[in-house]
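Work through the exercises below with the sequence and the structure side by side, and try each task before reading its solution.

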Amino acid sequence: MLPEKIALIGVPWDQKGSYLQGPALAPNRIREALHCGSANYWTELNVNPIESENFEDWGDLTINKYTDIEKNFALILNKGVRTISLGGDHSIAYPIIKAHAQFRGEFDVLQIDAHGDLYDNFEGDKFSHACPFARVMEQKLVSRLIQVGIRAINPHQREQMEKFGVETIEMHQFDAGQRPTFDKPLYISLDLDGLDPAYAPGVSHHEPGGLTTREVLRMIQSIDVPIIGADIVEYNPHKDVSDMTAMLAAKLLKEIAGKMMGKVSV
Ligand code: MN
Ligand code: MN
């Protein structure tokens, strides 16, 4: 049985991005979009997670160095909550998943992303936002890693996929009808650049040809296993247009939170 309570955790961190900074500003921008009054708090599936007594915003972490992320998440999970993290570059997924591996049984990860994030190292940094899932897989922290929306990989990353047994649904395969299936509790790691830049311009790495908002919503809404936690990463307000990506992140947060409230045991 998973904790009923969900804590929203801002992760203001962008020191491991390889190209631009900005995701450190994401948590508050997404909160502002969520609470701006332009939309109500109900999900499409008729849940109101944000105003539920089981949902609390715990504010932002204080992070001085990368290793603080795992320490903080271990302290938070130890309090008997599930977490949804907002903001940060994708490097935060490794320490967060590592903390989950201490507190939860076996689980799978769904990574929505344009990129594999499987580099052994990126420009010498093993903890770059291009590497988190190499670290997760080499330490066997999860049962399965299922990637969706991938459309920017190179031969090195293909070797890594093979080596680690990653289940990748590349964008052209998704387009041809392949869909992920899950059989264990699930952690969702949602890199907003998995969506097409037409839907999510507010990211550092524009990779055309991506998922639509509707496709991501349908994927979230069709999950029928318990969700142990989630992150929404790589929002870069400097690249956004009329806050549309902040609104998208807020909507995805709402839909994921609603879904998390639905099922707490297998
Ligand atoms: Mn990523
Ligand atoms: Mn990405």
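**Exercise 1. Find which residues alanine 24 is in contact with, leaving aside its neighbours within four places in sequence.**

Solution. Begin by placing the residue: alanine 24 is found in the loop between strand E1 (6–10) and H1, where helices (H or I, at least four residues) and strands (E, at least two) are DSSP runs numbered from the N terminus. Next, look for heavy atoms within 4.5 Å, which is what contact means here; once the neighbours within four places are set aside, alanine 24 is in contact with Pro12, Trp13 and Asp14. Then consider its surface: with a relative accessible area of 22%, alanine 24 is partly exposed, a class that lies between buried (under 20%) and exposed (over 50%), judged with a 1.4 Å probe on protein chains only. Finally, take a distance across the model: the C-alpha atoms of alanine 24 and glutamate 162 are separated by 33 Å, and the two residues are 138 apart along the chain.

The model is predicted, so local features need pLDDT of at least 70 and side-chain atom pairs count only at pLDDT 80 or more, while totals for chains, interfaces and linings use all residues. Residues are numbered from 1 along each chain as its sequence is written, chains are lettered from A and ligands numbered from 1 in the order in which they are written, and side-chain values use heavy atoms, with hydrogens and water left out.

**Exercise 2. Describe the secondary structure and the overall dimensions of the chain.**

Solution. First, the secondary structure comes to 8 helices and 8 strands. The radius of gyration, taken over C-alpha atoms, is 17 Å, close to the 18 Å that the globule rule (2.2 Å times the number of residues to the power 0.38) gives for 266 residues, so the chain is as compact as a globular protein of that length. Along its principal axes, the C-alpha trace spans about 45 × 40 × 40 Å. Of the 266 residues, 59% count as buried, and among contacts between residues at least 6 apart in sequence, 77% join residues at least 24 apart.

**Exercise 3. Identify the donors of the manganese ion (ligand 1) and of the manganese ion (ligand 2).**

Solution. Donors are N, O and S atoms within 2.8 Å of the metal (3.2 Å for Na, K and Ca), and because water is not among the atoms, sites may look incomplete.

Histidine 115 is buried, as is aspartate 191. To join the two sites, note that aspartate 113 bridges the manganese ion (ligand 1) and the manganese ion (ligand 2), which lie 3.2 Å apart.

**Exercise 4. Work out how helix H1 (residues 26–34) and helix H8 (residues 244–262) pack.**

Solution. The axes, which are lines fitted to C-alpha atoms over the stretch in contact, with angles running from 0 to 180 degrees between N-to-C directions, are 8 Å apart and meet at an angle of about 75°. That makes H1 roughly perpendicular to H8, the term used for 65 to 115 degrees. On the H1 side are Arg29, Ile30, Ala33 and Leu34, which meet Ala246, Met247, Ala249, Ala250 and Leu253 in H8.

**Exercise 5. Determine how many residues of helix H7 (residues 213–221) are buried, and what they pack against.**

Solution. Helix H7 is mostly covered, with 7 of its 9 residues buried; among them are Val216, Leu217 and Ile220. The buried residues of H7 pack against E4, strand E5 (145–150), helix H6 (171–175), E7 and H8.

Key. Parallel < 35°, antiparallel > 145°, perpendicular 65-115°, else oblique.
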